[in-house]
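Colleague: Hi! Could you put the model up, so that we can go through it together?

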Amino acid sequence: MSAMRRLSPSSALVLFSGGQDSSIALVWALTRFERVETIAFDYGQRHQVELAARVAVRREIAQRFLSFAPRLGDDAVIDLSGLGAISETALTRQAEIVIGETGLPTTFVPGRNLVFLTMAAAYAYRRSAGVIVAGMCEADFSGYPDCRRAALDAQMQAIALGMEAEFSLETPLMHLTKAQSWFLAEELGGKDLVDLLIEHTHSCYLGDRATRFDWGYGCGLCPACELRANGWAGYVAARSRREIR
Ligand code: ZN
């Protein structure tokens with residue numbers, strides 16, 4: 001039997017899309033690990049603008065948070081256009097975003113996160129990174145079954161067996177609501193980080209960067225914007241209640 005691959009427990013790879021959650025996960029990783037690299041997947045998604053947002057988020061973090069800058073390592077964007085080709089969903093073609101007959105929104109790409117996680121582990125293996133960090137959350141996500149911790153744990157087991165490498169998977173946002181994740185951001189980087197996230201992260205499924213709300217840019221109507229707007233409103237309300245006390 002071959003030996004297990006030795007991986008660095010102080011080196012992390014973050015699945016970083018440029019959205020709100022993965023950006024918070026990135027900063028979380030920067031507070032904990034000596035070296036933090038980022039990876040994203042381009043599968044022909046409609047929100048190409050999200051891939052541009054991630055460049056801006058990395059740049060702003062490096063410029064505004066000097067203690068994080070030396071830890072922020074390389075970035076990779078992996079071409080997964082084949083995934084877009086087999087996924088006939090609203091994210092990869094022009095179709096209305098609605099809740100489909102399975103109870104999942106039409107933005108659901110079957111098995112997308114399973115593919116992402118496997119690709120991330122293959123990349124982390126090459127980079128000797130022992131920790132994979134992802135921003136998935138169960139609490140108020142859109143119901144994607146491959147974001148659930150049980151699905152992720154089963155997959156990490158398969159990866160450990162199949163790659164003979166033991167990765168730890170960290171999902172710091174898993175049990176947070178969107179409002180709570182803003183509090184986590186505030187805890188990690190104060191108002192500066194909250195402002196950075198509002199201005200530079202992107203969530204809108206339609207890729208709208210023209211309309212600015214108090215929670216950031218977006219169409220204001222798609223499920224991603226609705227989730228982000230509600231989370232922000234919850235955060236603002238909880239914050240003002242705290243200040244009154
Ligand atoms: Zn939107």
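Modeller: Here you go. Let's begin with a salt bridge: the side chains of arginine 212 and glutamate 199 meet at 2.6 Å, N to O. This is a predicted model, by the way.

Colleague: Nice. Where do arginine 212 and glutamate 199 lie?

Modeller: Arginine 212 is in strand β6 (residues 212-213) and glutamate 199 is in helix α6, so the bridge ties together parts that are 13 residues apart in sequence.

Colleague: And how does glutamate 199 count, buried or partly exposed?

Modeller: Glutamate 199 counts as partly exposed, at 25% relative accessibility. Arginine 212 is partly exposed too, with a relative accessible area of 40%.

Colleague: Which residues do salt bridges with shared partners join into one network?

Modeller: That network consists of Arg35, Glu37, Asp74 and Arg127. For the whole count, you get 11 salt bridges.

Colleague: What does glutamate 186 pair with?

Modeller: Glutamate 186 forms a salt bridge with arginine 239, and their closest N and O atoms are 2.9 Å apart. The two sit in distant parts of the chain, 53 residues apart: arginine 239 belongs to helix α7 (residues 223-244) and glutamate 186 to helix α6. Arginine 239 has a relative accessible area of 29%, so it is partly exposed, and glutamate 186 is partly exposed at 24%.

Colleague: What about glutamate 60, is it buried or exposed?

Modeller: Glutamate 60 is buried, with a relative accessible area of 11%. Its side chain meets that of arginine 59 in a salt bridge, 3.1 Å from N to O. Arginine 59 itself is partly exposed at 40%.

Colleague: Changing topic: which residues hold the zinc ion's protein donors?

Modeller: They are Cys204, Cys219, Cys222 and Cys225, each through SG, lying 2.3 to 2.4 Å from the ion. In sequence the spacing reads C-x14-C-x2-C-x2-C.

Colleague: What geometry does the site of the zinc ion have?

Modeller: It is tetrahedral, with angles of 106 to 116° among the 4 donor atoms.

Colleague: Why does cysteine 219 count as buried?

Modeller: Its relative accessible area is 18%, and buried means under 20%. Cysteine 225 also counts as buried, at 1% relative accessibility.

Colleague: OK, now the inside. Which residues of the largest nonpolar core touch the most other members?

Modeller: Those are Ile132, Val133 and Phe167, in a core of 71 residues. Helix α6 (residues 178-200) gives the most to this core, with 11 residues.

Colleague: How many residues of helix α1 are buried?

Modeller: Helix α1 (residues 20-30) has 11 of its 11 residues buried. Among them are Gln20, Asp21, Ala25, Trp28 and Ala29.

Colleague: Let's zoom out. How many helices and strands are there?

Modeller: The protein has 7 helices and 7 strands. From the N terminus, the order is β-α-β-α-β-α-α-β-α-β-α-β-β-α.

Colleague: And how much of the protein counts as buried?

Modeller: Of its 245 residues, 51% count as buried. The protein exposes about 11,400 Å², and carbon and sulfur atoms supply 54% of that area.

Colleague: Last one: what share of the contacts join residues at least 24 apart?

Modeller: That share is 69%, among contacts between residues at least 6 apart in sequence.

Note on methods:
Residues are numbered from 1 along each chain as its sequence is written. This is a predicted model: local features need pLDDT of at least 70, side-chain atom pairs count only at pLDDT 80 or more; totals for chains, interfaces and linings use all residues. Side-chain values use heavy atoms; hydrogens and water are left out. Helices (H or I, at least four residues) and strands (E, at least two) are DSSP runs, numbered from the N terminus. Buried means under 20% relative accessible area, exposed over 50%, partly exposed in between (1.4 Å probe, protein chains only). Contact means heavy atoms within 4.5 Å. Accessible areas come from the Shrake-Rupley method with a 1.4 Å probe; for residues, only the protein chains shown count as cover. Donors are N, O and S atoms within 2.8 Å of the metal (3.2 Å for Na, K and Ca); water is not among the atoms, so sites may look incomplete. Four donors count as tetrahedral if all angles lie between 85 and 135 degrees; four count as square planar and six as octahedral if opposite donors are over 155 degrees apart and all others between 65 and 115; anything else is irregular. A nonpolar core is a set of buried Ala, Val, Leu, Ile, Met, Phe, Trp, Tyr and Cys residues joined through side-chain atoms within 4.5 Å. A salt bridge is a side-chain nitrogen of Lys or Arg within 4 Å of a carboxyl oxygen of Asp or Glu.
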